[in-house]
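I opened this one up to see how its pieces are put together. My notes follow, in the order I looked things up.

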Amino acid sequence: MSLSPKTVSELATLVGGRVHGDGDIVINSVASLDAAGEGDITYVEEEKLLAAAANSKASCVITRLGVDVKVPCRIEVKNPKLAFALIAEVLHPRKQRQPEIHHTAVLSPASKIGNDVFIGAFVCLGEHSSVGDRTQIRAGAKIGDNVTVGSDCVIHPNVFLEDGVTIGNGVILHAGVVIGADGFGYVRGEMGYHKFPQIGTVIIEDDVELGANTCVDRAALGRTRIGRGTKIDNMVHVGHNCDIGERVVIAAQTGISGSVVIEDDCVIGGQVGFGDHIRVLSGAIIGSKAGILPGKIVRPGIWWGIPIQPLDEYKRLNAHISRLPYVRQELKELTERVRILEDQLSTSDE
Amino acid sequence: MSLSPKTVSELATLVGGRVHGDGDIVINSVASLDAAGEGDITYVEEEKLLAAAANSKASCVITRLGVDVKVPCRIEVKNPKLAFALIAEVLHPRKQRQPEIHHTAVLSPASKIGNDVFIGAFVCLGEHSSVGDRTQIRAGAKIGDNVTVGSDCVIHPNVFLEDGVTIGNGVILHAGVVIGADGFGYVRGEMGYHKFPQIGTVIIEDDVELGANTCVDRAALGRTRIGRGTKIDNMVHVGHNCDIGERVVIAAQTGISGSVVIEDDCVIGGQVGFGDHIRVLSGAIIGSKAGILPGKIVRPGIWWGIPIQPLDEYKRLNAHISRLPYVRQELKELTERVRILEDQLSTSDE
Amino acid sequence: MSLSPKTVSELATLVGGRVHGDGDIVINSVASLDAAGEGDITYVEEEKLLAAAANSKASCVITRLGVDVKVPCRIEVKNPKLAFALIAEVLHPRKQRQPEIHHTAVLSPASKIGNDVFIGAFVCLGEHSSVGDRTQIRAGAKIGDNVTVGSDCVIHPNVFLEDGVTIGNGVILHAGVVIGADGFGYVRGEMGYHKFPQIGTVIIEDDVELGANTCVDRAALGRTRIGRGTKIDNMVHVGHNCDIGERVVIAAQTGISGSVVIEDDCVIGGQVGFGDHIRVLSGAIIGSKAGILPGKIVRPGIWWGIPIQPLDEYKRLNAHISRLPYVRQELKELTERVRILEDQLSTSDE
């Protein structure tokens, strides 16, 4: 349950919506359409759910402009799901931890801590590293030397930030994230492999969120970058020297080889594999499990398959493939018809 | 070597088997067929390994009912591999750690610890969290607030359990597991992405085992569930609001998007990718590397490929594809035969 | 910037190269061709980059034998990239940590620590475990009982080494690596799954490097092995009883099921999936995202696809698949020509 209840009118003002019903009703919590009860607000977008919405026990329903749903109280907005998300941010604010530096934390005297910072148990913070105001660094996170963490970040337990990494403001790093481990680059000599230098850095810009156990490698030379507002799911691998733009979305377990550029506003599915030196142009959408060959330029549009093709072509080819048994059958029948013709002609020739 | 040796007769009784040979022989340890020596017990199932079994140096061999193997001592059972596993549980019991709360652990005074619990170094346990009897929480595990961990669990090093998560009895969580991180859900606004509320929880039922670095996200609203007796391998991603049934087996690196339902007794290979809102019906088997489109209902049977098809169809289509060069060749030859026919007819017409 | 600058002549001697220009110039740092400035050394291999090399601001350029580039100072060698890597090792030596055992570390009195060892904060080291000379065990790493870690290793933060594991000399384990968790093996009984014994061990040989969050499971019986000089990227899964040879390279997110053998000098791409009991013969190269069926023997050569095929065949089949629409069109046209022939013949018969 929320710690900061609001009235329907207050919530409507927040999202620029219009109240139909009693604006003084107090809302405690967001809830799904079927689970919502008294004190809850929910939302409905899809036509087929309107009947369910009418039967909902929610105290208030957020609906799309111009949609008529018979409920005692609703807020009409342009984008109900967005309004629901914004309202949830207010009703269920991120857990605030009282500013504290846990007595077990090991902080270098040469580090710099901002105001109202929370540093949990067993945290390490290295030399010449800094943490911005109101940032929370939770238990067991390890931060190396010369690391900059901005303000209003949440660094979850057991995250590791290697030396020299830069984290912007408002960044969320989920548990087990590793940023700045060596990139994967070797040169074969006579006796085996020598490490190609991995002495660059990583820059994570403002408002980025990285899922649990995701890894972002440091650049060989130069930097690996994750742009502002980009959201990355669990167990994604970002290789050395990648440059991921702003507001990019990448689903779980995708792997991005070295020196890949993904421009702003791309959407990448889960378990996608990128060869190195690919450039994905702004606005491209790549479906889950796709595979992209090294060096490829991916233009805007929807892409699918291994190797990737435009979704339309992928579908067309897939349809052709599933028709293969018929092709073979048709070919067999046609061969028989030709054999008959040949027989007829050879007979008529005689 | 085992700390709890047993005689062949005792082991036979344990697994309901029949001894052929000297039941008083003492067995210390399980071993593979080729590595077994004196004091070891091994098993044989496959016909082709019977000769190797006859030459084994094991003190005892577990064999299938009615199979005649010339060894000095054997135990005959219906299911040798299962008997071997059950015997191993007795000869090699899980490492017992003396009950202890390590002096470095940071436990909230408002937490509740059962009897005979082991809590290792650098563990954190938050407010209003509880740990059941005989559970082992190993070094560096971090447990948030309002978490319930049942009895007889093993929480391996560096596991993280986020606030509000519930863990049943007899659960094993391998190192680096993350349970209850935010699900991956955003709503696009004018300025970028807003987090869809991720305020639900996770329930892990009894006797579940999760592999190293596996992540199970909390529900957006409601709960994510892993059912009783389900076994999940390393680095599997389970998205928000998934409902995984009982006795499900999921191999390594599989990724499960949000709101997927996998019913009881399914078997899922490695590196499988699930789109969201899929329902896998009880008894379905999905081959490794398969890909399943969002919203699909997967019926019982064996499934394969991207997108998944019944295994038989997959094999048939694959055979058609590998015959493609011949199809093309046949088509070319047939075209030539038709050309000749056309020539003949045009000549005979003249 | 480097802490150990060298002259061009010293560096040329190190890599067996020949100086063209002023050998007394002092070099501080390696850098990429475009970013290099004064005091930097860079390299050029590709023909198409020679013009860029001529314009580089680097103080020295490493070039291939016999290639003529107009720069004030260069070192000519057989393998510029390898020379660059070797020079980087000298200019940017691995971070040395002053020998120290952090006062927060929890070491069993029955453990054995070599000379000049660094042990960071919140490290655990169990009973009868040993750490070789000059090894660095960074903050939060957890090492169980009866573990052997060789000399000159770097164990990065939050790594976990389970009981009984052996780590050679010169091994680098990146953050979040888990070695020796139970393999994934169960036997189905009437009530559900029983764990197949996972009581073997893991051996990591000299000069191995494992990427962040990679997991290597212990053997069921016997041992899992990673051979000398093998390099493995982030989030790779190595199942129980695998035997990976020497100088093998495995890219990120590849998954290797139980009992797979990969012989020396193989190269495996990212996101590859191996069924169990596969044997990859020395010198095989397997492309990213490939899938290999259980029990398969993979011969030397380049392999691709799901299931894997020789690259040539894969390309040929892919070409056939993309021509499918034309095949269908040709078949349609040919059918029409046959119909016309049939009409003609039936007419001429009349």
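This is a predicted model: local features need pLDDT of at least 70, side-chain atom pairs count only at pLDDT 80 or more; totals for chains, interfaces and linings use all residues.

**Entry 1: helix pair in chain A**

With that cut-off in hand, I looked at helix 1 and helix 3 of chain A. A:Leu11, A:Leu14 and A:Val15 in helix 1 of chain A meet A:Ala83, A:Leu86, A:Ile87 and A:Val90 in helix 3 of chain A. Sorting the residues of this contact by class, I got seven nonpolar, no polar and no charged.

Next I wanted the geometry. Two packed helices are described by the angle between their axes and the distance between the axes. Helix 1 spans residues 8-15 of chain A and helix 3 spans residues 80-91 of chain A; their axes come within 10 Å and cross at roughly 120°. Is that roughly perpendicular or oblique? Roughly perpendicular covers 65 to 115 degrees, so helix 1 of chain A and helix 3 of chain A are oblique to each other. I noted the crossing of these two helices of chain A as right-handed.

**Entry 2: the pair in chain B**

The crossing in chain B is right-handed.

For the contact, helix 1 of chain B brings B:Leu11, B:Leu14 and B:Val15, while helix 3 of chain B brings B:Ala83, B:Leu86, B:Ile87 and B:Val90. The class count for this contact in chain B is seven nonpolar, no polar and no charged residues.

**Entry 3: domains of chain A**

I checked the domain assignment of chain A: domain 1 is 6-91, domain 2 is 100-310 and domain 3 is 311-350. How far apart are the centres of domain 1 and domain 3 of chain A? I read off 60 Å, taken over C-alpha atoms.

**Entry 4: sheets**

In chain A I traced an open sheet of twelve strands with mixed pairing, in the order 8-11-14-17-20-25-28-31-34-37-40-41. Strand 8 (100-101) and strand 41 of chain A are the edge strands, each pairing on one side only. I zoomed in on one pairing: strand 14 (residues 136-137) and strand 17 (residues 154-155) of chain A run parallel and are joined by two bridges. There, A:Ile137 stands opposite A:Ile155 in strand 17 of chain A.

For chain C I wrote down an open sheet of ten strands, paired in parallel, ordered 9-12-15-18-21-26-29-32-35-38. Strand 9 (106-107) and strand 38 (291-292) of chain C stand at the edges with a single partner strand each, so one side of each is left without a neighbour in the sheet. Inside that order, strand 21 (residues 178-179) and strand 26 (residues 215-216) of chain C pair in the parallel sense over two bridges. C:Ile179 stands opposite C:Val216 in strand 26 of chain C.

A cis peptide bond joins A:Ile306 and A:Pro307, with omega at about -10°. A:Pro307 lies in the loop between strand 40 (301-304) and strand 41 (309-310) of chain A. In chain B, B:Ile306 and B:Pro307 are joined by a cis peptide bond with omega of about -10°, and B:Pro307 lies in the loop between strand 40 (301-304) and strand 41 (309-310) of chain B.

I also flagged A:His128, a residue other than glycine with a positive phi, near 60°. I found A:His128 in the loop between strand 12 (124-125) and strand 13 (130-131) of chain A.

**Entry 5: chain against chain**

Last, the interfaces. 50 residues of chain A are in contact with 47 residues of chain B. On the chain A side, helix 3, helix 4 (311-322) and helix 5 (324-349) each supply at least two residues. Which helix gives the most there? Helix 5 of chain A does, with eleven residues. By class, this side of chain A divides into 26 nonpolar, 17 polar and seven charged residues.

The contact of chain C with chain B takes 47 residues from chain C and 50 residues from chain B. Strand 22 (186-188), strand 23 (193-195), helix 4 (311-322) and helix 5 (324-349) of chain C give two or more residues each to the chain C side. Helix 5 of chain C has the largest share, eight residues. I counted this side of chain C as 24 nonpolar, 17 polar and six charged.

Definitions and conventions
Residues are numbered from 1 along each chain as its sequence is written. Chains are lettered from A and ligands numbered from 1 in the order in which they are written. Domain bounds come from an automatic or database domain assignment. Two strands pair if DSSP finds at least two bridges between them. Helices (H or I, at least four residues) and strands (E, at least two) are DSSP runs, numbered from the N terminus. Two residues are in contact if their C-beta atoms, placed from the backbone, lie within 7 Å. Ala, Val, Leu, Ile, Met, Phe, Trp, Tyr, Cys and Pro count as nonpolar, Asp, Glu, Lys and Arg as charged, and the others, Gly among them, as polar. A crossing is left-handed if the near helix is turned anticlockwise from the far one by less than a right angle, and right-handed if clockwise. Axes are lines fitted to C-alpha atoms, for helices over the stretch in contact, and angles run from 0 to 180 degrees between N-to-C directions. Angles under 35 degrees count as roughly parallel, over 145 as roughly antiparallel, 65 to 115 as roughly perpendicular and the rest as oblique.
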